Amino acid sequence: MSVTKPTSPCPSELLLDRYRLSDLPEAQHHECSAHIDQCPRCAERLVILKKESIDFAEGFNIPNLVVDALQRAEKTSRPWWASALRPQWLGAIAAASVGVMAMVLLWPQLTEGPPGLSPEPGAYRIKGGFSIAVRVKRGERQWQAKADTWFEPGDNIRFIVTIPSAGYLYVVGIDASRTVTLYEPYGGERARRLQPGDAQAVPGAIELDDTLGDERVIALLCKNLHQSKELLATAQAVLAKLTQEQTHLQIRSLPLKCAQKTMLWRKRAHHR
Amino acid sequence: MRRAELDQIYRTHGSLVLRRARKILRDEDLARDAMQDVFVRVIKSGDDFRGEASMVTWLYRITTNLCLNKIRDAQRRRAKLDEQGPKVPEVKAPVADLRLDISRVLKGLPTELSEVAIYYYFDEMDQQEIAELLGLARRSVGYRLQRFVEEARVLLGYDLPEVSVQRV
C-alpha cells in the first residue's frame, strides 16, 4: 500500500509563516514570493496570517504562568557567587579586583587595532592568506566596507573571500545584545565547499537587522565540514564563559581548528 | 532570556503557536494552555533555541508535540474515568471533517506516527517537507504514514481517503 496525495504547488502554512517572518533562506524566500505574486489564494492566505499576527500583537498579554517561569529561570541562572557573597567582603574584593580587571579590560584594547575589517591576532591562519571583505549595498549605493564604515539596519551585505585552499566558509556574528548569528552558511543551510581563488563573491546577500552597537564577527575557513548548530553552540559556549565585566568584543576567535579572521562591525541607526 | 526578549518572541511568534494549537486541539481553552506550555518550554530551553536553524520550525515542532501530549493525557484521564464508573458509549461524530476522525486516531498512537500524520493531513506538507522538518529520510516518513493509515483503518473501520483536506 502506498500513501499518496495530490501534490499542491502552494506552500504549506509552515512555509508561509517562515516567509512572513523572513525566516527562509534567500532562494526559498524568492521562490515563495514568486508563487504568492501569481497565486491569489496564497496571497489571501498570507494576508490572513499577517492580520492574525497583527491582531495578536496588539492585544498580547503574556500569561502569568509564563512570566513566573521566566522569573524562576532568571533566579536559577544567577551566578553562584551572587548569593554566596557577603556584603562585608565586597570592599576588599572590589579593591583586589581593580588591578586584575584593569588588565583584563585594557589589554584587549591595547592590542586591538582600529575597528573594521583588519585581521586581529589570536586566530588560526592558513599560509598564503585567507581574507574576507564585505561589500555593502545601501539603496543604490554599493561599496566595500573599510575600517571606518558604519553599518545601518537594512544594509545588504555580501562576503568577498580570497581562499588559498579549498574549505568550508563560516561567518559568525555576536551582536551587542549578545545574540549569536550565523551569517554564512545563511539560514542554517549546509556549508558550501569553496574552491581556491581570489576575491570570490559568496552567493547570497544578507540584510542587517535592527540591533545597533558593535558586533564581533568571526570568519572561519575550515578544512572539515561543521554543522551550523555546532558553530552556534561553540560561539555561545565562548560567550557564556565571559564574565559580566567582559564584553563580546573581547572574543577574537572560536576554539575550532580553522583559519579565522576577526572583524568589528559598528552599526548605528540611519544617519544623514 | 530577558523579559524584553520574551516579549519580542511572544509578540512575533505567539499567533502561529496559538493557531497551531487550536488546529490540533480544536478547543480554545486547551489551545491557550498549550501556548503557555510552549513558551514555558522556550524559557526552559535557555539559549538552546538560538542554535536552531529556524525559530518558526522549532516552535511548530514543540507545539505539535505538546498538543499531542495533551491529547494523550485527556485520553488517559478518560480511560481512568471509564475504569471508575459505568462506561458511557462514545458518541461518534458525523464525518463532516476528515480531521475530526484523524484526531480520534491520534489519541492512542505513539508520537512518531502522530506527528507525521499531523504534518501530512493537517498541514498538507508533502513527505519531503516533513522529512526535512523532522530530520528523517523521506522513506521513513512514508513508512510512518503507512503505519498511521493501517492504525486508522483498525480504529475507524474504513480507509482514509487520499488527502483532500483544504488548508485552513
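**A helix and what surrounds it**

Modeller: Helix H7 of chain A, residues 228–241, has 14 residues and reaches 20 Å from its first C-alpha to its last, close to the 20 Å expected at 1.5 Å a residue. The expected span is 1.5 Å times one less than the number of residues. Helices (H or I, at least four residues) and strands (E, at least two) are DSSP runs numbered from the N terminus. The model is predicted, so local features need pLDDT of at least 70 and side-chain atom pairs count only at pLDDT 80 or more, while totals for chains, interfaces and linings use all residues. Residues are numbered from 1 along each chain as its sequence is written, chains are lettered from A and ligands numbered from 1 in the order in which they are written, and side-chain values use heavy atoms, without hydrogens and water.

The buried residues of H7(A) are A:Ser228, A:Leu231, A:Leu232, A:Thr234, A:Ala235, A:Gln236, A:Val238 and A:Leu239. Buried means under 20% relative accessible area, exposed over 50%, and partly exposed in between, with a 1.4 Å probe and protein chains only. Strands E5 (167–174), E6 (180–184) and E10 (213–222) of chain A are among what covers these residues; contact here means heavy atoms within 4.5 Å.

A:Ala191 lies in the loop between E6 and strand E7 (193–194) of chain A. With a relative accessible area of 6%, A:Ala191 is buried. Beyond its neighbours within four places in sequence, A:Ala191 is in contact with A:Tyr168, A:Leu169, A:Tyr170, A:Pro185 and A:Leu225. Its C-alpha atom is 7.9 Å from that of A:Gln227, although 36 residues separate the two along the chain.

Another helix of chain A can be read in the same manner. Helix H2 (residues 26–38) has 13 residues, which should span 18 Å, and its end C-alpha atoms are 19 Å apart, in agreement. Within H2(A), A:Cys32, A:Ser33, A:His35 and A:Ile36 are buried. They cover an arc of only 165° around the axis, which puts them on the same side of H2(A); the arc is that of the directions from the helix axis to the C-beta atoms. These buried residues pack against helices H1 (13–20) and H3 (40–58) of chain A. On the face turned away from the buried side sit the exposed A:Ala27, A:Glu31, A:Asp37 and A:Gln38.

Chain A as a whole has 7 helices and 11 strands, and 42% of its 272 residues count as buried. Residues 24 or more positions apart make 76% of its contacts with a separation of 6 or more.

Chain B has 7 helices and 0 strands. Of its 168 residues, 49% count as buried. Among its contacts between residues at least 6 apart in sequence, 66% join residues at least 24 apart.

B:Glu129 belongs to helix H6 of chain B. At 16% relative accessibility, B:Glu129 counts as buried. Not counting residues up to four places away in sequence, B:Glu129 touches A:Ser12 and A:Leu15.
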